[in-house]
Amino acid sequence: MLFRSVTYLSTGVNFLEPGVHCGNFVVQNGASLQLLAGEHYFVNGALNLQGAGTLTGSDVVLIFDKSSHFTFQDQATVTLQGRRTGAYAGFVIATTRQNTGTFSISSTSAEKLEGIIYIPNATLSVTGAGNKVAQQSAWTVVVAQSIQLNGSADLVINSNYATSSVPVPKGVGDQIPTSVRLS
């Protein structure tokens with residue numbers, strides 16, 4: 001049996017340095033988790049936002065190993081802008097090709113996911129009633145095995161690349177010569 005530690009954040013503003021974060025993180029009851037700039041590796045666990053929890057970060061990328069995922073639910077607020085420099089410039093969320101899990105957004109306030117969401121063999125599940133995921137992002141690109149939309153939730157894919165401080169990697173967004181397509 002694999003023991004996974006759990007970090008509960010229930011009050012105040014909590015800061016998380018970039019690096020490796022093992023186990024489960026639960027942000028709830030109005031607590032805030034502020035990711036400091038850099039790469040955040042989530043290993044052997046889940047990042048869960050519940051209730052009125054808040055997750056924010058600018059110049060960050062969240063990288064999940066093959067057995068990790070996130071769940072953003074309830075009224076949780078998500079405001080993330082991807083990396084501006086380095087190997088992960090342009091990415092906001094990434095995982096390994098071995099990850100075949102589900103990354104779930106049912107929050108009514110997942111307002112900004114600016115950058116590339118790269119989960120190539122996993123599922124992005126967006127559910128809810130009238131919530132508009134990523135609506136405040138200048139741009140978002142999703143690379144996923146599948147995208148599931150349930151209820152009346154909207155996944156907003158903006159393409160205002162020139163207005164963002166998050167660079168658009170070559171081969172995506174306005175850096176490709178063909179029109180946008182779903183496959």
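Glutamate 39 is partly exposed, at 22% relative accessibility. The structure is a predicted model. A search of the whole structure finds three salt bridges. The largest nonpolar core holds 35 residues, and another core, of twelve residues, lies apart from it.

**Salt bridges around arginine 83**

- Glutamate 39 pairs with arginine 83 in a salt bridge, with the closest N and O atoms 3.0 Å apart.
- Glutamate 39 sits in strand S6 (residues 38-43), and arginine 83 sits in the loop between strand S11 (77-81) and strand S12 (91-95), so the pair ties together parts that are 44 residues apart in sequence.
- Arginine 83 is buried, with a relative accessible area of 11%.
- Arginine 83 also meets aspartate 59 in a salt bridge, at 3.1 Å from N to O.
- Aspartate 59 lies in the loop between strand S8 (54-58) and strand S9 (60-64), and arginine 83 in the loop between S11 and S12, so this pair ties together parts that are 24 residues apart in sequence.
- Aspartate 59 is buried, because its relative accessible area is 13% and the cut-off for buried is under 20%.

**Salt bridge between aspartate 154 and lysine 132**

- The side chains of aspartate 154 and lysine 132 form a salt bridge at 3.0 Å, N to O.
- Aspartate 154 is in strand S17 (residues 154-155) and lysine 132 in strand S15 (residues 132-133); the pair links distant parts of the chain, 22 residues apart.
- Aspartate 154 is partly exposed, with a relative accessible area of 32%.
- Lysine 132 also counts as partly exposed, at 39% relative accessibility.
- Shared partners join Glu39, Asp59 and Arg83 into one salt-bridge network.

**Nonpolar cores**

- Leu47 and Leu62 touch the most other members of the largest nonpolar core.
- Strand S14 (residues 109-128) gives the most to this core, with seven residues.
- Beyond its neighbours within four places in sequence, leucine 62 contacts residues including Leu35, His40, Phe42, Leu47 and Leu55.
- Its contacts also include Leu80, Val92, Ile93 and Ala94.
- The separate core of twelve residues has Ala138, Val141, Tyr161 and Val172 among its members.
- In soluble globular proteins, nonpolar side chains tend to be buried together.

**Threonine 71**

- Threonine 71 belongs to strand S10 (residues 69-72).
- Threonine 71 is buried, at a relative accessible area of 16%.
- The side chains of threonine 71 and asparagine 48 are joined by a polar contact of 3.5 Å.
- Setting aside neighbours within four places in sequence, threonine 71 is in contact with Leu47, Asn48, Leu49 and Ser104.

Terms used
Residues numbered from 1 in each chain as written. Predicted model: local features only at pLDDT ≥ 70, side-chain atom pairs only at ≥ 80, totals over all residues. Heavy atoms only, no water. Core = buried A, V, L, I, M, F, W, Y, C linked by side-chain atoms within 4.5 Å. Buried < 20%, exposed > 50% of the residue type's maximum accessible area, 1.4 Å probe, protein only. Helix = DSSP H or I, 4+ residues; strand = E, 2+ residues; numbered from the N terminus. Contact = heavy atoms within 4.5 Å. Polar contact = N/O pair within 3.5 Å; in protein donor to acceptor, adjacent residues only side chain to side chain. Salt bridge = Lys/Arg side-chain N within 4 Å of Asp/Glu carboxyl O.
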